[in-house]
Amino acid sequence: MTTLSPEEAVDLPMTHLRRDPIRGHWTVIAPDRSRRPDEFVVRVSESDNGEPCPFCPGNEAMTPPEIASVRPDASAPNTPGWQVRVVPNRYPALSLADAPDTSLVHDAGELFRAHPALGVQEIVVATPEHHRHGADLGADHWDTVLAACQDRMDQLARDPRIKQVVLFVNHGARAGASRHHAHLQIMALPLPSSAAGRELLNARSYRQRHDRCLFCEVLSRELADGRRVVRADDVAVTHAPWASRVPFELSLTPRAHHASFLKVPPAERRRVAAHLRQILRGLRRLFGDLPYNWVLHTVPTQETDPQVYHWHLDVLPRLGQQGGYEWGTGGFINPVAPEEAAAALREVWES
């Protein structure tokens with residue numbers, strides 16, 4: 001297979017394959033099937049079903065007792081008056097309660113391995129206002145939300161049984177959300193995630209061959225090229241990845257090399273919050289209230305080499321649909337070139 005440089009590939013009018021240097025997947029970029037933003041059919045997020053919302057002020061008793069909250073007026077826990085509220089997931093798939101602390105279990109041939117379902121699932125209610133979504137929140141409020149998440153993730157990572165902490169958002173039923181009220185989820189896992197494992201494998205290999213951080217190198221090349229960059233400042237860069245998995249996928253990466261989001265200083269976190277807010281607002285301006293996921297990737301808790309990894313945040317609009325090709329190959333087909341997506345988002349990015 002012929003490998004194309006970024007400069008060669010973006011000038012080709014034909015469909016071609018691109019490899020993601022960090023995640024390792026291949027994406028078919030199909031410009032012959034490319035569509036303009038206004039040609040995507042986006043189904044608006046569904047309305048509420050009329051039932052009381054457990055995330056709204058006054059309904060605090062509908063959730064498990066809060067773990068943490070941001071309360072400017074110093075109101076009592078589990079009462080109204082909060083800006084951000086963290087509660088346990090009522091129906092967790094993972095739990096630390098009464099779970100055995102054992103090592104990996106496997107058969108004699110090491111083929112069918114299993115592990116106790118140790119872990120934690122928490123909900124971070126992003127705002128007390130039921131009908132405000134992520135795109136409606138200001139940068140200051142997003143910084144407050146991220147600070148609360150950072151604190152909880154740090155607390156969870158201190159447990160020796162936890163090997164990975166993940167922060168993510170599902171917005172809209174098509175993206176996996178079960179509640180209309182804006183919220184984030186934190187999951188603390190007993191093993192490093194498969195996504196982190198693949199990224200670390202590629203990052204270690206690149207560092208061994210070039211003695212440089214793969215993430216920093218990708219960021220440097222993207223900034224030098226510029227065609228996939230949506231916005232860059234002295235702290236963070238938002239760009240459409242070279243081998244974007246879905247139309248209008250975005251990556252938010254800080255310039256400073258921090259392996260762990262838990263170590264990010266407040267000033268940097270505040271600028272990241274501003275980027276995140278603008279990403280969500282830009283996508284809404286193009287597509288309305290589209291379903292999306294975003295995931296914050298941070299280094300596994302027991303990774304010993306801080307130079308190998310670089311934390312980042314991926315935003316994945318649900319504009320495409322996965323099928324047999326994706327399941328059968330582990331690759332993706334994207335009808336919108338990332339250069340086109342970045343150009344469209346630059347036009348709606350607010351100054």
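View 1. The model is predicted: local features need pLDDT of at least 70 and side-chain atom pairs count only at pLDDT 80 or more, while totals for chains, interfaces and linings use all residues. Residues are numbered from 1 along each chain as its sequence is written, and side-chain values use heavy atoms, with hydrogens and water left out. Helices (H or I, at least four residues) and strands (E, at least two) are DSSP runs, numbered from the N terminus. β4 and β5 run antiparallel and are joined by four bridges. β3 and β4 also pair in the antiparallel sense, over three bridges, and there A68 stands opposite V86 in β4.

**View 2. The open sheet of 10 strands.** The strand order is β3-β4-β5-β7-β6-β11-β12-β10-β9-β8, with antiparallel pairing. β3 (68–70) and β8 are the edge strands, each pairing on one side only. Neighbouring strands of this sheet are turned by 15 degrees against each other on average, direction ignored. Two strands pair if DSSP finds at least two bridges between them. β9 (residues 236–239) is joined to β10 by four bridges, and these strands run antiparallel. The bridge partner of H239 in β10 is S251.

**View 3. Q121 in strand β5.** Q121 lies in β5 and counts as buried, because its relative accessibility is 11%. A polar atom of the Q121 side chain lies 3.2 Å from the backbone nitrogen of L94. Leaving aside neighbours within four places in sequence, Q121 is in contact (heavy atoms within 4.5 Å) with P88, N89, P92, A93, L94, I186 and M187.

**View 4. Helices α2 and α7 against the strands.** Helix α2 (residues 139–157) lies across β3, β4 (84–88), β5 (120–125), β6 (164–171), β7 (183–189) and β11 (292–297), and runs at about 15 degrees to β7. Axes are lines fitted to C-alpha atoms, for helices over the stretch in contact, and angles run from 0 to 180 degrees between N-to-C directions. Helix α7 lies across β8 and β10, at about 45 degrees to β8. In α7 (residues 338–348), the buried residues are P338, E339, A341, A342, A344, L345 and V348. These buried residues pack against β1 (16–19), β2 (26–29), β8 (229–232), β10 (250–254) and α5 (266–287).

**View 5. The largest pocket.** Its volume is about 1,100 Å³. On a 1 Å grid over the protein atoms alone, a pocket is an open set of points with protein on both sides within 12 Å along at least five of seven lines, whereas a cavity is a set where a 1.4 Å probe fits but cannot get out; lining residues have an atom within 4 Å of a point. Grid points are joined across faces, edges and corners, and a volume is the space filled by probe spheres set on the points. The largest pocket is lined by 38 residues, and R245, V246, L316, Q322 and F332 lie nearest its centre. At least two lining residues come from each of β6, α3 (194–210), β11, β12 (312–317), α6 (324–329) and β13 (332–334).

**View 6. The largest cavity.** There are two cavities of 30 Å³ or more, and the largest has a volume of about 180 Å³. It is lined by 22 residues, of which V169, N170, H171, A182 and H183 are the closest to its centre. β6, β7 and β11 each supply at least two residues of this lining, and the largest share, three residues, comes from β6.

Notes: Buried means under 20% relative accessible area, exposed over 50%, partly exposed in between (1.4 Å probe, protein chains only). A polar contact is a pair of N or O atoms within 3.5 Å; within protein, one must be able to donate a hydrogen and the other to accept it, and residues adjacent in sequence count only if both atoms are side-chain atoms.
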